[in-house]
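Hi,

Here is the structure I said I would pass on.

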Amino acid sequence: QVQLVESGGGLVQRGGSLRLSCAASGRSFTDNAMGWFRQAPGKEREFVAAISWGGSGTYYSDSVKGRFTISRNNTQNTLYLQMNGLKPEDTATYYCAAVGSPNTFTVASSAYNYWGQGTQVTVSS
């Protein structure tokens, strides 16, 4: 069974930092782009950041650009999201995901066929 398991969420104050991790198992995602999405209560899931299969290409939502950094360690089959300067509006459940087709870089959630269970991030004022 292919699994993506997020960790690192928690409660922080405005301006604080968190580092999310996503451990993949069951298959290698070395040739697959990966990304982070988030969903707040009552809102639709939204794109946060994506990284290419080799890690050289990244893309961010305007709302997090300059504050969040996505990275990956293909040897460990792990995805990361470093979040700095957190704001209350960043509060959401964060999900890691992997694109189903190899060598495809996209921000469309429909292209991501593998999803984690999510980790909660809460930012207080």
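Below is what I found, residue by residue.

Two bits of housekeeping first. This is a predicted model, so local features need pLDDT of at least 70 and side-chain atom pairs count only at pLDDT 80 or more, while totals for chains, interfaces and linings use all residues. Residues are numbered from 1 along each chain as its sequence is written, and side-chain values use heavy atoms, with hydrogens and water left out.

Let's start with R72. You'll find R72 in strand 7, residues 68–73 (strands are DSSP runs of E, at least two residues, numbered from the N terminus). R72 is buried but has no salt bridge. Buried means under 20% relative accessible area, exposed over 50%, and partly exposed in between, using a 1.4 Å probe and protein chains only. A salt bridge is a side-chain nitrogen of Lys or Arg within 4 Å of a carboxyl oxygen of Asp or Glu. The nearest side chain of opposite charge is D31, 8.2 Å away (Lys and Arg count as positive, Asp and Glu as negative; His and the chain ends are not counted).

What does the side chain of R72 have a polar contact with? That partner is the side chain of N74, at 2.8 Å. A polar contact is a pair of N or O atoms within 3.5 Å; within protein, one must be able to donate a hydrogen and the other to accept it, and residues adjacent in sequence count only if both atoms are side-chain atoms. A polar atom of the R72 side chain also lies 2.9 Å from the backbone oxygen of N32.

Next up is D90, in the loop between strand 8 and strand 9. Is D90 buried or exposed? D90 has a relative accessible area of 1%, so it counts as buried. Its side chain makes a polar contact of 2.8 Å with the side chain of R67. The backbone nitrogen of K87 also lies 2.8 Å from a polar atom of the D90 side chain.

Most residues other than glycine have a negative phi. N77, however, has a positive phi near 55°, and so does N103, also near 55°. N77 sits in the loop between strand 7 and strand 8 and is buried, with a relative accessible area of 14%. N103 lies in the loop between strand 9 and strand 10 and is partly exposed, at 48% relative accessibility.

Cheers

How values were computed:
Helices (H or I, at least four residues) and strands (E, at least two) are DSSP runs, numbered from the N terminus.
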